[in-house]
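Open your viewer and keep the selection tool ready. We will take a short tour, one stop at a time.

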Amino acid sequence: MRRYFENTRTHTYSLLFALPLLVLYEIGAMMISGRGGGMRNGADVLLRTLLAAGGLSGTLAFTAVLAVGAAVMVGLEQKRKRVPVRPGYFAGMLAESAAYAVLFGGLIAAATQVLLGGMVRMAADGGSITRLPLLDGVVLSLGAGIYEELLFRVLLTGGLFALLVAVGVRRTTSGVLAVVVSAFIFSAFHYIGPYAYPLELNSFTFRFIAGLAFSGLYMVRGFGVAAWTHALYDVFLVLAGQG
């Protein structure tokens, strides 16, 4: 088990494990676009906008940047230390992610209720993915898993952690600060832009605690497990909302 947890935190396993999530989301996004929906995850749109400002636009170019970046990271890691790729580990990571998704569903709601009291309403009005048609909701859930984890966990949480460590802050303190700050920004992100949710204390707190959970999971288990956990967490919410 120790070897499993060590190996599955590496770039090799995290990025290979996240690849099917990216493919499924992009296929789903094209299906939605093909029937006139044209909806994409907000973090996806933000990252595309930033790349477009640098001269890269279009799904093919954006996906190519992600693929090349992932290939370089895996290649450098394999050159530095040989990480054996065991197919059974990916099945374990998927089961692990599903378990975390179910666990987080209960813990995040319970923690919000403890802090605020009363019933928790996660999302306010018709912008919630639980109110969308099933395919749209599932596709946006997959997008949240891959792109929100890439933006808020890899770039923001990981970037803040590396920056704080670089300026001399202790690693434990750096990790806590990175998790808390990125969780706050993650929650605030849902209330910005033309499709923003109405700002409410209970929903903001709910998402802040969710951000703490996902950022903490990223720091402990890496990008792949965090991405699939987030995606499955949202998919389960969508399926529950269809009942």
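Start with H6 and H9, which are roughly antiparallel to each other, a label for angles over 145 degrees. This is a predicted model, where local features need pLDDT of at least 70, side-chain atom pairs count only at pLDDT 80 or more, and totals for chains, interfaces and linings use all residues. Residues are numbered from 1 along each chain as its sequence is written, and side-chain values use heavy atoms, without hydrogens and water.

Select residues 134-166 for H6 and 223-241 for H9. The two helices pack at an angle of about 150°, with axes 8 Å apart. Their contact residues divide into 14 nonpolar, four polar and four charged.

Next, the salt bridges (a side-chain nitrogen of Lys or Arg within 4 Å of a carboxyl oxygen of Asp or Glu). How many does a search of the whole structure find? It finds three.

Stay in H6 and select Arg-153 and Glu-149, four residues apart, about one turn of the helix. They form a salt bridge, with the closest N and O atoms 2.7 Å apart. Is Arg-153 buried or exposed? Arg-153 is buried, at 0% relative accessibility, and Glu-149 is also buried at 0%. Buried means under 20% relative accessible area, exposed over 50%, partly exposed in between (1.4 Å probe, protein chains only).

Now pick Glu-96 and Arg-221, a salt bridge at 2.6 Å, N to O. Glu-96 sits in H5 and Arg-221 in H8, 125 residues apart. Both are buried.

Last, go to H1 and select Arg-2 and Glu-6, about one helical turn apart. Their salt bridge spans 2.8 Å between the closest N and O atoms. Arg-2 is exposed at 64%, while Glu-6 is partly exposed at 45%.

Methods:
Axes are lines fitted to C-alpha atoms, for helices over the stretch in contact, and angles run from 0 to 180 degrees between N-to-C directions. Angles under 35 degrees count as roughly parallel, over 145 as roughly antiparallel, 65 to 115 as roughly perpendicular and the rest as oblique. Ala, Val, Leu, Ile, Met, Phe, Trp, Tyr, Cys and Pro count as nonpolar, Asp, Glu, Lys and Arg as charged, and the others, Gly among them, as polar.
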